[in-house]
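Please keep the sequence and the 3D view open while reading.

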Amino acid sequence: MRLLERMRKEWFMIGIVLAIAGAKLEPSIGVNGGPLKPEITVSYIAVATIFFNSGLSLKTEELTSALVHIKLHLFIQIFTLAFFPATIWLFLQLLSITPINEWLLKGLQTVGCMPPPVSSAVILTKAVGGNEAAAIFNSAFGSFLGIVITPLLLLLFLGSSSSVPFTSIFSQLFMTVVVPLIIGQIVRRYIKDWLERKKPPFGAVSSSVLLMIIYTTFCDTFSNPNIDLDTFSLILILFMIFSIQLSFMLLTFLFSTRNNSGFTPADTVAIIFCSTHKSLTLGLWTPLPLPKKSFFRKSQQKRLTPSRNCSQWPRRQLAPGPPPFAGWGRGATGEKVSWKGNNVFGGHGV
């Protein structure tokens with residue numbers, strides 16, 4: 001019984017293992033164009049479901065108060081779109097003299113220039129009782145900013161121009177983020193009493209959608225197994241990914257928990273997840289993936305253009321936070337969140 005109870009509490013972590021194992025066994029199911037059609041079910045339906053779910057669960061006053069939290073928004077956007085890529089660039093200058101595969105370094109810099117993730121930061125923030133409304137705003141706002149800022153960052157740090165389908169990305173973000181959120185808020189007005197009485201498992205719903213995203217992401221990864229990397233570069237880049245991710249999460253934690261920071265514990269959770277995670281494509285997220293050489297295609301004019309199939313990059317799934325952050329999350333209303341079993345995904349206690 002104790003084992004079953006433990007498995008129930010850790011269902012999301014078990015789900016991640018099963019999703020990766022399933023993707024390894026038969027990756028063709030979840031690749032683009034496969035039976036699951038992730039280019040539709042993930043990029044549109046899954047992301048829209050997450051934000052509709054957030055629109056249903058969040059009180060309107062929580063969303064409106066999050067909009068005016070200017071200091072929080074500035075911290076997140078400056079960190080993720082300025083400090084993050086600049087720090088990675090300085091770090092890579094030191095690594096450029098090493099024998100590490102140059103495409104790994106270029107890929108690491110490219111990911112560093114990307115905007116925050118669209119969906120995962122919201123799910124993780126909600127799961128640990130953080131400021132979900134702030135995470136929603138910064139995920140959406142950062143993605144819109146990234147349409148303009150990311151190409152400029154790539155030009156600055158890599159010296160390469162990039163083509164961005166502005167209209168299609170903008171419309172996709174609007175239809176999968178803004179519209180579902182608004183519809184969720186409208187529906188909430190009519191079923192508010194029922195929601196407060198029944199308390200649906202919003203956290204579990206969002207986490208289940210994230211499992212689908214993880215599954216299709218690894219399907220793309222395992223469908224392209226031939227990575228042209230030497231063992232030294234691969235091991236070293238894995239170590240760097242872990243070190244960079246942990247360092248940035250700890251740095252944002254320390255900055256946002258200072259006595260005069262003006263941030264609540266709930267704000268800190270949103271800051272950690274929104275500032276340190278990066279997005280490659282809508283619905284497909286990663287903190288810092290291992291790049292694949294095919295991510296770039298060189299034209300005759302020597303311009304580097306990001307490939308449309310960004311999902312060919314191998315992903316590394318990151319747990320929500322290291323032990324120093326455990327127990328820190330508090331709900332938006334200030335109540336302490338239950339951390340029994342260290343279940344930061346399942347939504348229990350949120």
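V148, L152, F166, F170, F174 and M175 make a nonpolar surface patch of about 590 Å². Two elements, α8 (132–158) and α9 (166–198), each give two or more residues to this patch. The model is a predicted one.

**Nonpolar patch**

- Helix α9 supplies the largest share of the patch, with four residues.
- M175, one of the patch residues, sits in helix α9.

**Salt bridges: overview**

- How many salt bridges does a search of the whole structure find? The search gives three.
- The pairs are taken in turn below, each with the accessibility of its two partners.

**E5 and R8**

- The side chains of E5 and R8 form a salt bridge, with an N to O distance of 3.0 Å.
- Both residues belong to helix α1 (residues 2–9), where they are three residues apart. That spacing separates E5 and R8 by about one helical turn.
- E5 is partly exposed, at 34% relative accessibility.
- R8 is partly exposed too, with a relative accessible area of 42%.

**E10 and R6**

- E10 and R6 also pair through their side chains, and this salt bridge has an N to O distance of 3.8 Å.
- Is E10 buried or exposed? E10 counts as buried, because its relative accessibility is 14% and the buried class covers values under 20%.
- R6 has 44% relative accessibility and counts as partly exposed.

**K126 and E132**

- A salt bridge joins the side chains of K126 and E132, at 3.3 Å from N to O.
- K126 is buried, at 11% relative accessible area.
- E132 is buried as well, with a relative accessible area of 6%.

**Bend in helix α3**

- Where does helix α3 (residues 38–57) bend? The bend is at I45, and its angle is about 25°.
- Of the 20 residues of α3, 14 are buried. Helix α3 is therefore largely enclosed by the rest of the structure.

How values were computed:
Residues are numbered from 1 along each chain as its sequence is written. This is a predicted model: local features need pLDDT of at least 70, side-chain atom pairs count only at pLDDT 80 or more; totals for chains, interfaces and linings use all residues. Side-chain values use heavy atoms; hydrogens and water are left out. A salt bridge is a side-chain nitrogen of Lys or Arg within 4 Å of a carboxyl oxygen of Asp or Glu. Buried means under 20% relative accessible area, exposed over 50%, partly exposed in between (1.4 Å probe, protein chains only). Patches are made of residues with over 30% relative accessible area and no salt bridge: like charges are joined within 9 Å, nonpolar side chains (Val, Leu, Ile, Met, Phe, Trp, Tyr) within 5 Å. Accessible areas come from the Shrake-Rupley method with a 1.4 Å probe; for residues, only the protein chains shown count as cover. The bend at a residue is the angle between axes fitted to the seven residues ending there and the seven starting there.
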